[in-house]
Amino acid sequence: MIRRYGEAVKAGQRYRRRPGVYAILRRGGDILTTFQEAPTPEFQLPGGGIDPGEHPVAALHREVFEETGWKMALDRRLGVFRRYTYMPEYDKWAEKVCTVYLARPILRRGPPTEPGHTAVWMSAVEALDQLGNAGDRAMLAQALRQPW
C-alpha cells in the first residue's frame, strides 16, 4: 500500500493519475530544493510529471535540470507516496504518485530553465520545516535516518 499525504480524497471528485519523480539531492548536510513561485509559493523537492512514453529516470534528469539548472547522478530509489490535489496550472484534479530518489548534484549548468523556479540550497534540517508538502518532508526524514 502506498502511503497518502496531504488532502483527503474528496467524495465524488474524479482524479486523474499523474506519476512523477522527485530527487533528494544531498551535498554534505545540505539539500538542493526548488522554490516555485506559483500557483502557491513554496519550496519543493526538484522533480515533476513523467511525460507519456518517457522513462522515469529520464524524466527525473530532465525535471531536475529544468527546475535547478543542475546535472545529477542517481544513487537509488528511496520510496513512493501519493497525494490527491487540485493542480490549477493544468486545471485538473490529480492523484499524484510520487517516486522519490536519492541523488547527488554533479554540475551546475546554469540557472533553472523552467519559469518561476529558483534553485535554493538549504540545510536538510531546515528543509524538514520548509518543504511545502508533507510527502516531501516525510521522504526527506526517511532519507536522513538511513546511511547515504
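What follows is a conversation about the labels used for this predicted model.

Student: Let's start with the aromatic rings. What makes the pair of Tyr 15 and Tyr 84 edge-to-face?
Tutor: The ring planes of Tyr 15 and Tyr 84 stand at 80 degrees, with the centres 5.0 Å apart. Pairing asks for centres within 6.5 Å, and planes over 60 degrees apart count as edge-to-face, so this pair qualifies on both points. It is one of 6 aromatic pairs in the structure.

Student: How do you know that this pair links distant parts of the chain?
Tutor: Tyr 15 sits in the segment before E1 and Tyr 84 in strand E5, and 69 residues separate them.

Student: Why are Tyr 15 and Tyr 84 called buried?
Tutor: Buried means under 20% relative accessible area. Tyr 15 has 15%, so it counts as buried. Tyr 84 has 13%, so it is buried too.

Student: And why is the pair of Tyr 86 and Trp 93 called tilted?
Tutor: Their planes make an angle of 50 degrees, and the centres are 5.1 Å apart. Stacked needs under 30 degrees and edge-to-face over 60, so an angle between those limits is tilted. Tyr 15, Tyr 84, Tyr 86 and Trp 93 together form one aromatic cluster.

Student: What makes Tyr 86 and Trp 93 partly exposed?
Tutor: That label covers values between the buried limit of 20% and the exposed limit of 50%. Tyr 86 has a relative accessible area of 32%, so it is partly exposed. Trp 93, at 23%, is therefore partly exposed as well.

Student: Over to strand E3, where Phe 43 lies. Why does Phe 43 count as buried?
Tutor: Its relative accessibility is 18%, and the limit is under 20%. Leaving aside neighbours within four places in sequence, Phe 43 is in contact with residues including Thr 33, Phe 35, Val 120, Met 122 and Leu 131.

Student: Which residues have the most contacts inside the largest nonpolar core?
Tutor: In this core of 19 residues they are Ile 24, Ile 31, Leu 45, Leu 78 and Val 100. E1, E5, E6, H2 and H3 each supply at least two of its residues, and H3 gives the largest share, with 4. Apart from it lies another core, of 11 residues, among them Val 64, Trp 70, Met 72 and Ala 103.

Student: What makes Asp 91 stand out in its backbone?
Tutor: Asp 91 has a positive phi of about 50 degrees although it is not a glycine. Most residues other than glycine have a negative phi. Asp 91 lies in the loop between E5 and E6, and its relative accessible area of 58% is over the 50% limit, so it is exposed.

Student: Which peptide bond is cis?
Tutor: The bond from Ala 38 to Pro 39, with omega near 10 degrees. Pro 39 is found in the loop between E2 and E3.

Student: Finally, how do the lining residues of the largest pocket divide?
Tutor: They divide into 16 nonpolar, 12 polar and 15 charged. The lining has 43 residues, and Arg 18, Gln 44, Met 87, Glu 89 and Lys 96 lie nearest the centre of the pocket. Strand E5 supplies the largest share of the lining, 6 residues, and the pocket holds about 870 Å³ of space.

Note on methods
Residues numbered from 1 in each chain as written. Predicted model: local features only at pLDDT ≥ 70, side-chain atom pairs only at ≥ 80, totals over all residues. Heavy atoms only, no water. 1 Å grid on protein atoms, 1.4 Å probe; cavity = no way out; pocket = protein on both sides within 12 Å on 5 of 7 lines; lining within 4 Å. Points joined across faces, edges and corners; volume = space filled by probe spheres on them. Nonpolar A, V, L, I, M, F, W, Y, C, P; charged D, E, K, R; others polar. Core = buried A, V, L, I, M, F, W, Y, C linked by side-chain atoms within 4.5 Å. Buried < 20%, exposed > 50% of the residue type's maximum accessible area, 1.4 Å probe, protein only. Contact = heavy atoms within 4.5 Å.
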